[in-house]
Amino acid sequence: MAAAAAGLSWRRVSSFTGPVPRSRHGHRAVAIRELLIIFGGGNEGIADELHVYNTVTNQWFLPAVRGDIPPGCAAHGFVCDGTRILVFGGMVEYGRYSNDLYELQASRWLWKKVKPQAPSNGLPPCPRLGHSFSLYGNKCYLFGGLANESEDSNNNVPRYLNDFYELELQHGSGVVGWSIPVTKGILPSPRESHTAIVYCRKDVGSPKMYIFGGMCGCRLNDLWELDIETMTWSRPETKGAVPLPRSLHTANVIGNKMYVFGGWVPQSAGGEISAPDGEWKCTGSFSYLNLDTTEWIGLISDCQEDKSNLLPGPRAGHCAVAVGTRLYIWSGRDGYRKAWNNQVCCKDLWYLDTERPQAPSQVQLIRATTNSFQLKWDEVPTVEGYLLQLHADSPVPPVAGIPATGVPETPVLSSQGGCSLHQSPQSLPSIPYPEMKVDHPNQTNNLIPNNVQVALSSSSKVEGKEKVAAPENKVSQETMKNHTDATGFKESNAPSLLPVCTSSAQTSANVGELHDLDKQSVNPDASVSCTVSSTQTMVTQQAVKTESSSTNGAVVKDETSLTTFNSKSEAAETAYVMPSTRVNTGQTNDSHSSRAPQRPPAPVKTRDRRWYDVGIFKNNSAVVSQFYLLPEETLNINSKTEGANVPDYRLLKKQDLFPGTVYRFRVAAINGCGVGPFSKISEFKTCIPGFPGAPSTVKITKSVDCIHLSWEPPASPSGNILEYSAYLAIRSTQLQENPSQLVFMRIYCGLKTSCIVTAAQLSNAHVDYTSRPAIVFRISAKNERGYGPATQVRWLQGKLTVPHS
């Protein structure tokens, strides 16, 4: 099957930076988050360096390793357990094999030689190469390999192995010892240069190890299964065309599939596989085994020759690593004949996206002005860009006279994650975006115009340090009514909720946390900012939904300083279509427009909802002041079919954002498989001129019996600030009845930019579990016009439960 027919889109990575390792074969690689870590292999001598490739920044680097640095080795065992890597065995020089075990703590780049206890029922593993070494839980499973029977390393007498060992690991660092499990069934035949993977079905829950192929005088293509719980070997029956016999191939599990690439295969003649002493060749064939159905699916055939450089060339002894749902392949021997004496090795790095990317988190607000938003969303691993779309509660005109462009019309995802079209739900279309070549990141411009290649995110990670993965920051969608302020509501002295900046401070490399209540030390990074500098801010914002019509929310009597915020489902809303209004054809994405657009007339209700492209962005942030208008011909098309084209943004006119207008946003990630599903919908409102901005740089510090809350004045006060109000989300019976409502108690009102929150007040706090446990504060400023947008702060609590009074 041709790669195009299989829907494959291999990408060759170019424009590396840093010290690129020399090409080789027999090396091994693992992934720790976004880092590929490569060790060993041979080509004009055995390599002993440890190379690291950052898949986000497209950079190679050589970490400064220390400790018991192992000698170079090839065809060794190499597994990753969290941030530690274990290396076992391999060839350390020609004819001399090893059975040493080393541990690398990648968080410190510290090597340590470890000495496991010998098994109680036999000898420890002998020196070997070409074995499989697989990790599941706290145990590594060693199978087979090739030993040297001769005491003289130059007189190499091979002995194929099929012994099976279990290595128990200690938590964090170190090992316990080897054991020889008692197994049932027939043991697989002896072999080396095979592959072994471990897979656990979600519905069954019993982990299985699968061994495929290898070499034992001739190449093999048999599949073996070990039930790890019962230690029973079996030969599963498979469907589909089994790949040709092979060795020195790779196998990787992504989802429920085992992807098999390359290796040595027989040189077929007339469709017949040659005898064991016949010709062999490297292959670029690619297949996967569905581990739930045990069906083989061929993606690139063994006979397929690619002359266009769109596929990785044939190779054996390469390495393959899965980072999320992306498969990376690097180097390996590029030899078509076994009889060749020279080792010709590939120098290329390829990747393949095996699935469309997952939906990003909801769009989060960093800052709003009268005619722009600064937005962000959580990064999705291994993507090439993000498609941001908006829908406005104000008239947006169709544009006549421009050719149809194929902008996708897709179902609206509700706040619960389902479809909420008034018509029947439709599947998300496939959109073949322009060729996106991975290149060195551009540090200057996040917006990717049409026909411009998409580069990886330029946000670099701290290399050589243990990093905390970003917690999911789901966006709460809340509304408020009855305020005399920028939203046009009346009554109450509580602040309005225009776009609300919600922040959690940073720790580690990605997303940060404000310190727990039970911690005595204060996190020096525990600050929350609602303003953004020219560089990427290290804050995670959360958006609060606002609306300009009445809701079921209630405001408790003013003297109690309690305010209830009500959430509603996107599915309950009525969509709008946009009649004609003024069009701005400017091509810049400037948040400071010198011309205030005319206020649009009232929205017209309709059954359809129109989404407009803001653009494609390479990073997970955007400044939005305009969006692209659709040609008139496309407005009557409800959905786009498979194969729709990307609009040429250069041909489309732009529309400025209006003050005091509600805009809905959704974002989808893009990779080599296309555009993934859209995020849940977030809703923000541009500011009305004259009202103060949101307070910024919120900080929380802890004392013995209270916490100190401080902030800085709004960047745009629009006059004198008369007072600030700070609110704390509290427990209430109303919140128990409707968990989507947050009830806030005012804990401060005054001119100072700081306040103290007492332990008694904190004891009544509601712990919000929408993403991670957190106590929620809101702060807003008031001028002569009224209260402006509030800054929302989620103070992460870890595993702590706030004591009830």
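# Strands, salt bridges and cores in a predicted model

Strand E50 (residues 774-783) pairs with E52 in the antiparallel sense, over 6 bridges. Two strands count as paired if DSSP finds at least two bridges between them. Helices (H or I, at least four residues) and strands (E, at least two) are DSSP runs, numbered from the N terminus. This is a predicted model, in which local features need pLDDT of at least 70 and side-chain atom pairs count only at pLDDT 80 or more, while totals for chains, interfaces and linings use all residues. Residues are numbered from 1 along each chain as its sequence is written, and side-chain values use heavy atoms, with hydrogens and water left out.

**The chain as a whole**

- The protein chain contains 2 helices and 52 strands.
- Of its 805 residues, 57% are buried. Buried means under 20% relative accessible area, exposed means over 50%, and partly exposed is in between (1.4 Å probe, protein chains only).
- Among contacts with a separation of 6 or more, 69% join residues 24 or more positions apart. A contact means heavy atoms within 4.5 Å.
- The accessible surface of the chain is about 32,200 Å², and carbon and sulfur atoms account for 50% of it. Such areas come from the Shrake-Rupley method with a 1.4 Å probe; for residues, only the protein chains shown count as cover.

**Strand E52**

- Strand E52 (residues 791-796) is largely enclosed by the rest of the structure, because 6 of its 6 residues are buried.
- Thr791, Val793 and Trp795 point one way from E52, while Gln792, Arg794 and Leu796 point the other way.
- In the pairing with E50, Val776 has Arg794 of E52 as its bridge partner.

- E1 runs antiparallel to strand E27 (residues 349-353), and 3 bridges join them. Arg12 has Trp350 in E27 as its bridge partner.
- Another open sheet has 5 strands in the order E6-E10-E9-E8-E7, with mixed pairing.
- Its edge strands are E6 (66-67) and E7 (77-81), each of which pairs on one side only.
- Within it, strand E8 (residues 84-93) and strand E9 (residues 96-105) form an antiparallel pair over 8 bridges. Met91 has Tyr97 in E9 as its bridge partner.

**Salt bridges**

- The structure has 19 salt bridges. A salt bridge is a side-chain nitrogen of Lys or Arg within 4 Å of a carboxyl oxygen of Asp or Glu.
- Glu149 and Arg159 form one of them, at 2.9 Å from N to O. Glu149 is in the loop between strand E12 (139-148) and strand E13 (158-169), and Arg159 is in E13, 10 residues apart.
- Glu149 is partly exposed, at 47% relative accessibility, and Arg159 is partly exposed at 34%.
- Asp292 and Arg201 form another salt bridge, with their closest N and O atoms 3.5 Å apart. Asp292 is in the loop between strand E23 (286-290) and strand E24 (295-300), and Arg201 is in the loop between strand E15 (195-200) and strand E16 (207-215), so the pair ties together parts 91 residues apart in sequence.
- Asp292 is partly exposed, at 30%, as is Arg201, at 27%.
- Arg326 and Glu384 meet at 4.0 Å, N to O.
- Through salt bridges that share partners, Arg11, Arg326, Asp353 and Glu384 are joined into one network.

**Nonpolar cores**

- A nonpolar core is a set of buried Ala, Val, Leu, Ile, Met, Phe, Trp, Tyr and Cys residues joined through side-chain atoms within 4.5 Å.
- The largest core has 28 residues, of which Phe373, Leu375, Leu388, Val624, Tyr663 and Phe665 touch the most other members.
- At least two residues of this core come from each of E28 (364-368), E29, E30, E37 (612-617), E38 (621-624) and E41 (662-671).
- Another core of 24 residues lies apart from it and includes Ile721, Met745, Tyr748 and Phe777.
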